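Reader: I'd like to learn how to read a structure like this one. Could you walk me through it?

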Amino acid sequence: MTTLERVERVRRTLRSAAIGAAVLRGVATALALLLLAATVDAFVAIPAGARRIVPLLAAAAAIVVFARRWRRSGVRSDAASAALWIEARFPSLRYALVTAVDPRYEGRVPEIEHAAAQVEFEPAVTKAVRRALTGPVVGVAVFALLLLLLPSGAVARVIAPAAGDALSRARAGSRVNPLAAIVVRVSPPAYAGLRDESLDNPASVRALVGSSITIEGVAGDGQVVATQGTEAAAPGDVHTSSVTSGDRWHLALVMPATPTAVRLRAASHERLLLLEPAPDSAPVVLLTLPARDSILRTAAGQIRLAATASDDYGLASGAFELIVSSGSGENFTFKSRTLGAVTFRSRTGELAATLSLDSIGLQPGDMLHLRAVVRDRNNVSGPGVGTSDTRTLRIARSDEYDSVAVDPAPPPEAEKNALSQRMLLMMAQALEKKRTKISRAQLVSESRVIAVDQTRLRKRVGEIVFTRLGENSGEEGDAADKRLDQPVNADSVLAAADRLANAPAGTALEGNEDETPLIATNRPLLEAYNAMWSASGELEVGEPGKAIPFMKKALDALQAARSAEQIFLRGKTRAVVVDIDRVRLQGKDKGSASARTPRRPADPARDQRIARFDAALALVRTTPSAAVDSLLLLRLDLLDRDAGAARAIETAANALRSGQDATNALIRARRALAAVPSAPSALTAWGSPP
Amino acid sequence: MSDFIFCTVQYDSGDWDSAPLVPANLIDSIARYTSISVAPTGVTVPLGSTELFKYPLAYLTGHLPVRFSELERRNLREYCDRGGMLFVDDHNHDIDGVFHKSAVEEITRAVGSLKELPNTHALYSAFFKFDDGPPATTHELNGWGDNLVHKHLLAVMRGDRIAVLYSSKDYSSEWGYHPDNKRFLSVDNTKFGVNIVVYALTG
């Protein structure tokens with residue numbers, strides 16, 4: 001073996017040892033972290049969320065340690081490094097190895113080969129490798145051994161945390177409270193397609209009706225008996241005893257249809273668990289075709305039926321339901337049938353069918369009622385049945401033809417005034433554009449249509465102006481057919497406005513010197529009015545091109561009026577004289593203009609619940625478990641009355657049970673209990689307080 | 001003992017009467033919370049008048065620039081020296097506004113420079129207790145004016161007594177409503193005004 005081959009072999013050995021040591025150190029670090037977490041968890045329960053992070057932290061720490069050691073071992077990545085490592089330990093080589101692995105002298109200096117052959121450095125390498133690996137191996141072994149010595153449940157809680165592993169910390173024994181730690185496993189009904197769920201120490205269990213619920217705990221002081229019902233001695237309660245296998249007890253229940261409290265008892269120990277049934281909603285069905293009720297003249301032809309349906313857990317089947325009612329007065333007969341039955345396998349679905357009216361044999365006067373009916377897959381407490389709106393098709397009698405006919409209605413009043421000046425301008429421009437393509441008669445005809453609308457808009461503007469000027473709107477009607485400046489010109493109108501405003505001429509506040517603010521505000525509208533007058537005149541004689549400038553001017557004036565400065569007059573505030581005696585409640589009551597109504601009496605049930613809450617609060621310091629039970633029973637009562645308060649109380653109870661600071665949660669719960677505002681069912685009339 | 005009379009200062013420049021309902025509102029609060037004998041209406045006194053010296057507390061507000069005449073300046077200085085307290089409120093709530101700039105300048109010329117009043121000052125516990133200093137106004141919280149919530153009031157001191165209390169918080173808007181409408185508030189926002197009055201009478 002040449003010197004170069006020997007050095008290369010040493011390099012590989014050292015490199016493998018470095019990798020091995022880095023891996024072992026990483027593993028040791030991970031094991032140490034897991035050991036630390038498992039030990040802490042054995043004394044103080046670490047929350048499941050935190051435990052889920054521990055394995056990730058351990059893996060990350062192992063990778064970091066490995067990477068650092070790997071980087072530090074990089075010095076022996078080539079033969080020269082290995083040669084130097086050997087030379088450092090064998091100075092007698094006098095750099096013979098370094099020279100031997102140098103490509104420039106490789107095989108050219110026999111003396112070097114000879115000198116290197118005299119030194120046995122392999123045993124030193126073996127010793128160094130052993131020394132490098134011993135520490136990490138011992139570390140891994142020690143940590144692994146300690147982990148093995150811990151109870152298997154404790155390690156599993158850290159390595160593979162899962163919901164329902166609360167019992168793995170508990171120890172069985174005759175003096176142990178078997179209700180101290182419980183795990184509830186919920187198996188929803190098969191139709192729901194939901195996964196099983198495990199809950200650690202829950203205060204309440206929410207699941208679908210019919211879900212099988214298994215309560216599990218560690219065997220201890222006495223047999224566990226469950227009593228279903230809010231009051232312990234209530235008749236009809238269901239008592240269930242636990243079954244003990246090994247060091248665990250099990251108790252099987254079924255989620256009832258109504259919220260129920262389960263009181264668990266074992267010797268002198270007691271614990272409350274709320275069973276809260278989750279609703280399985282009925283399918284939601286929407287009949288899309290036919291879209292509306294109709295009256296048909298003849299019972300012939302085909303009608304398309306369509307509907308959509310959805311459900312929270314799954315649809316089972318659906319069909320269209322038809323009911324035909326025949327007869328009149330007090331003699332009616334009914335017959336029903338279904339159509340387009342379909343089976344579903346999902347949460348949403350569609351129904352479609354075609355109804356042949358001929359096949360039903362409808363007679364004049366008959367009514368056909370249509371709806372879609374869908375059932376869900378609930379085979380425990382259901383099935384839930386969802387129905388769509390009902391559409392009614394009536395076959396008209398021969399003597400009621402008129403009632404079937406629908407006369408076109410005039411457009412609504414609001415739409416009559418929809419045409420704005422801008423629209424009129426656009427219409428006039430469009431008409432002017434096609435002027436060369438149409439006959440003169442048609443031009444005049446269309447132009448007059450626009451003129452009518454222009455006149456109508458002018459009258460509306462005139463109404464505004466005259467109302468502002470203090471005239472009756474009826475007077476505008478006389479002036480509507482007259483141009484205001486001819487013979488009643490704009491200046492005369494402004495002067496009239498001036499007089500009406502009782503403002504002396506020449507006392508201008510803004511604008512032109514001879515204008516009062518009233519005139520200044522109305523001037524744009526007057527300009528628009530006059531421009532509209534001119535425009536409608538041109539339009540009347542079929543000259544839209546000549547009308548357009550006036551229409552533009554009117555539009556600009558209207559815009560100016562819109563953006564005109566608004567003046568808000570501020571009057572002198574009346575001096576307020578404070579009635580000191582009244583403020584100090586020492587004066588006489590002088591009566592009130594508004595009606596006084598007595599306050600509604602307080603809700604006695606709510607007061608009672610608040611009293612129960614306060615009583616539970618009083619127990620918090622002395623017997624927290626009793627306080628939690630009281631809160632849970634209160635929550636049970638609130639589930640169908642005040643869901644918000646029930647949620648708040650559950651949060652508070654959970655916080656109390658887990659030993660956390662429940663102050664804020666209790667405050668929120670108290671607030672939710674006490675301060676639910678009651679809204680009147682409808683708005684009341686002005687002046688009569690509810 | 002004569003009644004306490006709320007005094008609003010009238011100055012030649014600006015809109016001194018921009019908050020006409022504040023006096024009645026504070027008079028109502030004084031009657032409501034304290035046993036101080038208070039006149040049912042306030043008075044308006046020119047800043048340049050020696051009538052001002054009859055009133056221990058004077059209220060000055062406005063939106064527009066403030067320019068005191070020499071007489072007004074001299075009178076205000078004497079008023080403060082005699083133990084009076086001037087409460088100035090910027091109705092604009094804007095430290096970059098014209099009222100603030102001009103009023104601060106005039107006060108500085110007439111009485112002395114304004115300094116931040118510590119939030120532990122006796123003013124804040126003269127009647128009601130305000131642990132966090134001057135109460136914020138809705139105008140501050142709505143981001144109007146300078147968009148600032150002013151943490152401190154400013155003051156010109158005469159010894160350990162406040163001679164001029166200056167607010168950029170726009171209490172004039174906050175308190176500018178008819179006292180009969182106070183019943184619609186869940187928390188009466190004029191309580192700090194009571195503190196100002198009580199401090200002026202006892203400080």
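This is a predicted model: local features need pLDDT of at least 70, side-chain atom pairs count only at pLDDT 80 or more; totals for chains, interfaces and linings use all residues.

Reader: What does the secondary structure of chain A come to?

Author: Chain A has 21 helices and 19 strands. Both are DSSP runs numbered from the N terminus: helices are H or I with at least four residues, strands E with at least two.

Reader: How do I read a sheet, and in what order do S11, S13 and S16 of chain A lie?

Author: Strands of a sheet pair through backbone hydrogen bonds, either parallel or antiparallel. Here, pairing requires that DSSP finds at least two bridges between two strands. In chain A, the open sheet runs S11-S13-S16, with antiparallel pairing. Its edges are S11 (284-289) and S16 (348-356), each of which pairs on one side only. Five bridges join S11(A) to S13(A), residues 302-310, and Val285(A) stands opposite Ala309(A).

Reader: Is Ala653(A) buried or exposed?

Author: A residue is buried with 20 or more other C-beta atoms within 10 Å of its own, exposed with 12 or fewer, and partly exposed in between. Ala653(A) is buried, because 27 other C-beta atoms lie within 10 Å. Ala653(A) sits in helix H20 (residues 643-657) of chain A. Leaving out residues up to four places away in sequence, Ala653(A) touches Ala203(A), Val628(A), Leu631(A), Leu632(A) and Arg635(A). For chain A as a whole, buried residues make up 30% of the 690 residues.

Reader: Why does the length of helix H2(A) agree with its number of residues?

Author: The expected span is 1.5 Å times one less than the number of residues. H2(A) (residues 48-72) has 25 residues and should therefore span 36 Å; its end C-alpha atoms are 37 Å apart, which agrees. Among the buried residues of H2(A) are Arg51(A), Val54(A) and Phe66(A).

Reader: How many residues does each chain bring to the contact between chain A and chain B?

Author: Nine residues come from chain A and 12 residues from chain B.

How values were computed:
Residues are numbered from 1 along each chain as its sequence is written. Chains are lettered from A and ligands numbered from 1 in the order in which they are written. Two residues are in contact if their C-beta atoms, placed from the backbone, lie within 7 Å.
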